[in-house]
Every structure is written in C-alpha cells, then in structure tokens.
Amino acid sequence: MQTQQKVNADLVKEKWNKRPLIISGPCSAETEEQVIETASRLAKTGKVDILRAGIWKPRTRPGSFEGIGTKGLPWLQKAKEITGIPTAIEVATAKQVEDALHFDVDVLWIGARTTVNPFSVQEVADALRGVNVPVLIKNPINPDLELWTGAVERVAKSGIKDIGLIHRGFSSYGNTEYRNAPMWHLAIEMKRRNPELPIINDPSHICGRRDILLEVAQKAIDLDYDGLMIETHIDPDNAWSDAKQQITPEQLAAMLEEIIWRKEDVASEEYHAALEKLRQQINHLDDELMFILSQRMKIAEKIATYKKENNITILQTKRWNEILERACTKGEKLGLSKEFITKYFDAVHLESITHQTKIFND
Ligand code: PEP
Ligand code: MN
C-alpha cells in the first residue's frame, strides 16, 4: 500500500512538472460510463497529463445541473485505475476537500466563483493544512489581481507547496466575442508578480464556444503559459453543463497537434546574438522615446506658464480633440492601431496635465 501511494505521488509530481501540462476532461462528471469513456479516449491520445471533472458545480443560476456530488468520486478513482492518469476536481468547501482526498483525487482546484470569496478560500485553505496535494487557483470572475493573489497567499500559508494559477478569463457585462474576456494583460501581470508559479490557460471558459478555442490556446502558448486546461466530452452537444464549449477527446488531440509549441529559449549562439542585437535596438529606441517625452513635458510646462499668466484653464477640450484626431490619422498610416494611439495619448495627456498643474500650483 505504502509503495502504491509512493508510485502515485511520484507520478503526480512528474505530471505536475511536465511542460506543457495538459489537463482535460468533462466540465462535469455525469455518469460512470461517461467518465470512464472520456478518460479512456483521452488516454488513447497519449496527450493528456491530468484528468479533470467537475463533481460539485457552482452554477450562476439555480436550477441548472449542480453536479453529481460525492457519488462521482469513485468513478474518477476507477478512471485513474484504468488509464493511469491522475485526477483533478474543483473544491469549494472543507467537506469537499475531505471527500476529494478520501477518494484519492490528486490535484485540486479552486474555481473562479470561489476565488472571489476570502471566507470560502480560507475554509478550503484550512482544510488543506498538513496535506500534500497540488492546488490550482483560478482567477476570480472579476478582474481583481488582489483577490487572486489573496487566494494564493491563503493556500500557501496553509503549507501547500505546489500551487499553480489558472487563467479562465473575467466576466464582463454585455455581449463580447468571449464568454469571459481574457484580459491577457492581467494574467501577464500576475505571472510577472509570481514567476515561480506555473500558469495554465483555460480556453474553454474564456471562449464559451468551440470555434475559437484553438486561437486562444495558441495565444496562451505564444505567451509562454505552462499548460492548458480544456474541457472534453464524449458527446459535447448533450453535455449536462457547458455543452457549447466542449470538444471530443479526438478533437482535443487534433487541436493539440495544430498548436505551434514555442520554446522560451533555444541554445543556439547565433540566435542569441541576433536577438541581443535587436533588443539593443529596442532599448535604444525606448531611451530616445523617453528623452522625447521629457522634452514634450518641458514644452507643456512652458505652455502652462503662459496659460497661468493669462489666466486660462489647463484643459482645453477642443485642442485635445485636435491632437487625438491628428495622431490617430498619422498613427494609422504608420501601422499603429487607433486603440493603441488613443491609450498612449491619454497617458501622455494625463502626464502633461500633472506637469502643468504643478506649474499652476507653484
Ligand atoms: C469549470 O472548470 O468547470 C468551472 C466551473 O470553471 P470556472 O470556475 O472557471 O467558472
Ligand atoms: Mn465548465
């Protein structure tokens, strides 16, 4: 028994450290047959490291399928026995943690609707004390890095060593292309703040539909994510939850074949030399940009002095609109998007107002 446990622990460790780490399985465990068949077909692809399934489903509205509950845990145990693939489920309460561990679930994750609630996260973290199990933490449904960070801290404080992040997008009001807007910059910032934590992308919950899964997955890989969590089902259209976004195990295999896997680094000296040269050019241009910006601010300060002497307001909307329009037209010709130019000029304008205000207050 002891040896069997060790073999299992070693396997989980090996999978946890594998890159890219591929997690797949149904949104929800529905029946024993469905779990076993999904797991077997995923195993046959040879591309899946961890089998996921939702046992308790935190649904936004009551009345939808809320998960099969504890009854589904032996199905996962059996799926692991048959396929040799470690399992992962979502937990949101202490009792769920206890049940999951009782049935040898190998990896736990905290869902987006739980990460938003420090009481729930703390309850889960307390239940994890003294336990050696990897825990993945999904981003909260709202775009708040502090909540995400707080959840990581709570779980880390309970002594969990293997913690990972799952980026599943952020909910926003109104119709967008995505079910949950990816807001890549937030995930990138979270990764910057926590370079030691692996980050997994969850294209299924970002997209909410099948047809754009590949492009989101590819983008994540291009951004050097450590892995993907993608929902699969033996009969996606008839899934009891998240039917629109699930794909078959075979479709998953085809998608993983299509992804261009990039390396963060390659060893060739020639490549490094070429990259270094281009990076120096970028540094040089960045320095120049900053110098030019500081010159621009000095001129703004001069203007502020004139305005102050003539008792004129700092902000002149007409002039600001002129600047913006001119910049957008020029920028577009230079291959810079209107969105970028607008953001950039907004920032420059704000900085300029700060400089001018200082002159006014002197
Ligand atoms: C899920 O993984 O099925 C799930 C409920 O995800 P999320 O917490 O990201 O909504
Ligand atoms: Mn789901």
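So, is Asn283 buried, partly exposed or exposed? At 48% relative accessibility, Asn283 counts as partly exposed. For the cut-offs, buried means under 20% relative accessible area, exposed means over 50%, and partly exposed is in between, with a 1.4 Å probe and protein chains only. Asn283 sits in helix H12.

Okay, some ground rules. This is a predicted model, where local features need pLDDT of at least 70 and side-chain atom pairs count only at pLDDT 80 or more, while totals for chains, interfaces and linings use all residues. Residues are numbered from 1 along each chain as its sequence is written, chains are lettered from A and ligands numbered from 1 in the order in which they are written, and side-chain values use heavy atoms, with hydrogens and water left out.

Now the overall picture. The protein chain has 14 helices and eight strands. Those are DSSP runs numbered from the N terminus: helices are H or I with at least four residues, strands are E with at least two. The C-alpha trace spans about 85 × 50 × 40 Å along its principal axes. Of the 362 residues, 44% count as buried. As for contacts, which means heavy atoms within 4.5 Å, look at those with a separation of 6 or more: 73% of them come from residues 24 or more positions apart.

Let's go to helix H11, residues 249–258. Which residues of H11 are buried? They are Pro249, Leu252, Ala253, Met255 and Leu256. These cover an arc of only 165° around the axis, so they lie on the same side of H11. The arc, by the way, is that of the directions from the helix axis to the C-beta atoms. Over on the other side of H11 you find Glu257 and Glu258, and those are exposed. What covers the buried residues? The cover includes strand E1 (21–25), helix H2 (32–45), helix H10 (213–222) and strand E8 (227–231).

The axes of H2 and H11 come within 9 Å and cross at roughly 25°. That makes H2 roughly parallel to H11. Axes here are lines fitted to C-alpha atoms, for helices over the stretch in contact, and angles run from 0 to 180 degrees between N-to-C directions. Under 35 degrees counts as roughly parallel, over 145 as roughly antiparallel, 65 to 115 as roughly perpendicular, and the rest as oblique. H2 passes H11 in a right-handed crossing; a crossing is right-handed if the near helix is turned clockwise from the far one by less than a right angle, and left-handed if anticlockwise. On the H2 side the contact uses Thr38, Arg41, Leu42 and Thr45, and on the H11 side Pro249, Glu250, Leu252 and Ala253. By class, that contact has four nonpolar, two polar and two charged residues. The nonpolar ones are Ala, Val, Leu, Ile, Met, Phe, Trp, Tyr, Cys and Pro, the charged ones are Asp, Glu, Lys and Arg, and the others, Gly among them, are polar.

Next up, helix H8. Its buried residues are Trp184, Leu186, Ala187 and Met190. Their arc around the axis is only 165°, which puts them on the same side of H8. The face turned away from that buried side carries His185 and Arg192, both exposed. Packed against the buried residues of H8 are H7, strand E6 (163–167), strand E7 (199–201) and H10.

At what angle do H7 and H8 pack? Helix H7 (residues 145–157) and helix H8 (residues 184–193) pack at about 40°, with axes 11 Å apart. That makes H7 oblique to H8. The crossing of H7 past H8 is right-handed.

Last thing: a few backbone details. Most residues other than glycine have a negative phi, and most peptide bonds are trans. The peptide bond from Arg19 to Pro20, however, is cis, with omega near -10°, and Pro20 lies in the loop between helix H1 (2–17) and E1. Asp104 has a positive phi, near 60°, in the loop between helix H4 (94–102) and strand E4 (107–110). Asn311 has a phi near 60° too, and Asn311 is exposed, with a relative accessible area of 73%.
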